[in-house]
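Biologist: Please show me the structure, and then we can go through what the labels rest on.

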Amino acid sequence: MSLKYAVLAALLEGEASGYELSKVFDVSLANFWPATPQQLYRELERLAQDGLVEARVVRQERRPNKRMFTLTATGRRELADFSVEPVRRPTALRDELMIKIQAMDGTDPRATRALVEERMAWARGKLGRYERLRERLLAGRTEEEHLRDAERVGPYLTLAAGIGFETENVRWCERALTILDQRATR
């Protein structure tokens with residue numbers, strides 16, 4: 001899959017500037033489809049050239065003008081077609097920390113511990129952001145009410161996947177730290 005479909009899906013939330021879109025990616029899509037702001041801007045330009053999004057310029061007085069992007073009907077159709085295609089590949093985890101953990105034996109355990117603690121702090125930070133987003137999505141409703149009444153449930157379901165992923169990251173880090181502590185006392 002290309003970044004194209006992730007950008008189109010993000011624009012289902014409504015009109016957004018490149019900057020706003022990068023914030024959406026940071027909060028809701030980066031857990032499963034990361035992209036840098038530069039990649040997003042390049043992709044928005046390609047999508048506009050292909051007629052999948054439209055851009056309009058918003059003039060600002062004390063700041064540079066900004067471009068706001070929306071999905072076109074063609075973009076919506078292409079995204080709808082994509083969303084029902086079979087998934088080509090199962091999820092593959094590429095994680096530099098896991099390579100370091102695989103190779104940790106015989107190295108300084110304090111360095112390994114620091115790496116795991118850093119991952120745990122990162123995961124907890126993301127969990128906090130995800131929980132704040134969850135509260136905004138629910139807007140005072142119960143999960144059941146939201147899932148029953150919301151116009152779109154896709155953002156909530158992907159958010160739930162991100163929460164589950166980061167919760168498991170924290171659980172794994174806690175377990176890894178316990179094991180490292182036990183081995184240090186031998």
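Modeller: The model is predicted. Asp181 has a relative accessible area of 36% and is classed as partly exposed.

Biologist: Why is Asp181 called partly exposed?

Modeller: Its 36% lies between the cut-offs, since buried means under 20% and exposed means over 50%.

Biologist: What makes the pair of Arg113 and Asp181 a salt bridge?

Modeller: Their side chains meet at 3.2 Å, N to O, and the limit is within 4 Å, so the pair qualifies. Arg113 lies in helix α6 (residues 109-138) and Asp181 in helix α8 (residues 154-184), so the pair ties together parts that are 68 residues apart in sequence.

Biologist: Is Arg113 buried or exposed, or partly exposed?

Modeller: Arg113 is partly exposed, because its relative accessible area is 25% and buried would require under 20%.

Biologist: Why is Glu43 called buried?

Modeller: Glu43 has a relative accessible area of 8%, and the cut-off for buried is under 20%, so the label follows. Its salt-bridge partner Arg46, at 2.9 Å from N to O, is partly exposed with 40%. Both residues lie in helix α3 (residues 37-49), three residues apart, about one turn of the helix.

Biologist: How do you know that Arg134 forms a salt bridge with Glu135?

Modeller: The closest N and O atoms are 3.6 Å apart, and the definition asks for within 4 Å, so the pair counts. Arg134 is partly exposed at 21% relative accessibility, and Glu135 is partly exposed at 48%.

Biologist: How many salt bridges does the structure hold?

Modeller: The structure holds 17 salt bridges.

Terms used:
Residues numbered from 1 in each chain as written. Predicted model: local features only at pLDDT ≥ 70, side-chain atom pairs only at ≥ 80, totals over all residues. Heavy atoms only, no water. Helix = DSSP H or I, 4+ residues; strand = E, 2+ residues; numbered from the N terminus. Buried < 20%, exposed > 50% of the residue type's maximum accessible area, 1.4 Å probe, protein only.
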